[in-house]
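Please look at the model below before reading on. The text takes a few parts of it in turn.

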Amino acid sequence: MEAFLVSTGLVAIAEIGDKTMLLAIALAAAWRRPLPIILGILAATLANHAFAALAGTLAAQYLGGPWMRWIVGFAFLGFALWALVPDKLDDDAPQTAIKSAWGVFWTTVAAFFLVEMGDKTQIATAGLAVRFENLPLVVAGSTLGMMLVNGPAVLLGEKAAGALPLRYIRWAAAAAFAATGVWVLLAG
């Protein structure tokens, strides 16, 4: 359960104010179709984070040894610094409504999968898989963390996002990543 709970918490905190959250809000504002958008986010996140966790699990198997603890620990400290950098939504957000629910779903899947590539939550998922070596629980936890943030972002739209104190949330995410990094370095 530790792998699941830590993955859920860290990814949820890191996702708040992230560019994929901004994408979720933009998709909701443009298309006003919350169910296919939420399902598209779920599908894209499962695929993306399964890929990341698999890469992390393989790295843990082939790159074992005490130095791996240092790599993972310092990676999380790097995530802490990265979390302090605000994300900005690209200008290529959809501007027109797509009428088909399937069109909204598949566009959301493609956009979310691509935007999540190399994102801090994806890389954190790989790091968590290295730390816990439990692919199913890390993927389930990181996916739940993403959905806990992006589901409400879709449902509440831009109004809720405008009211969130994103600077303080970024600081909380940075503190969570830093605490995880220190924990990995000290506890192994």
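This is a predicted model: local features need pLDDT of at least 70, side-chain atom pairs count only at pLDDT 80 or more; totals for chains, interfaces and linings use all residues.

Begin with helix α1, which covers residues 2–15, and helix α6, which covers residues 120–132. Their axes come within 10 Å and cross at roughly 160°. Angles over 145 degrees count as roughly antiparallel, so α1 is roughly antiparallel to α6. The crossing of α1 past α6 is right-handed.

On the α1 side, the residues that meet α6 are E2, A3, V6, S7, L10, V11, A14 and E15. On the α6 side they are K120, T121, T125, L128 and F132. Sorted by class, this contact of α1 with α6 has seven nonpolar, three polar and three charged residues.

T8 is also found in helix α1. Its relative accessible area is 9%. Buried means under 20%, so T8 is buried. Leaving aside residues up to four places away in sequence, T8 touches G141, S142, L144, G145 and L148. One of these, G145, is 137 residues from T8 along the chain, yet the C-alpha atoms of T8 and G145 are separated by 4.3 Å.

The other threonine, T20, is found in helix α2, residues 19–31. Is T20 buried or exposed? T20 counts as buried because its relative accessibility is 0%. With residues up to four places away in sequence again not counted, T20 touches E15, F112, V115, E116, D119, M146 and N150. The side chains of T20 and E15 are joined by a polar contact of 2.4 Å. E15 is also among the α1 residues that meet α6.

Methods. Residues are numbered from 1 along each chain as its sequence is written. Side-chain values use heavy atoms; hydrogens and water are left out. Helices (H or I, at least four residues) and strands (E, at least two) are DSSP runs, numbered from the N terminus. Buried means under 20% relative accessible area, exposed over 50%, partly exposed in between (1.4 Å probe, protein chains only). A polar contact is a pair of N or O atoms within 3.5 Å; within protein, one must be able to donate a hydrogen and the other to accept it, and residues adjacent in sequence count only if both atoms are side-chain atoms. Contact means heavy atoms within 4.5 Å. Axes are lines fitted to C-alpha atoms, for helices over the stretch in contact, and angles run from 0 to 180 degrees between N-to-C directions. Angles under 35 degrees count as roughly parallel, over 145 as roughly antiparallel, 65 to 115 as roughly perpendicular and the rest as oblique. A crossing is left-handed if the near helix is turned anticlockwise from the far one by less than a right angle, and right-handed if clockwise. Ala, Val, Leu, Ile, Met, Phe, Trp, Tyr, Cys and Pro count as nonpolar, Asp, Glu, Lys and Arg as charged, and the others, Gly among them, as polar.
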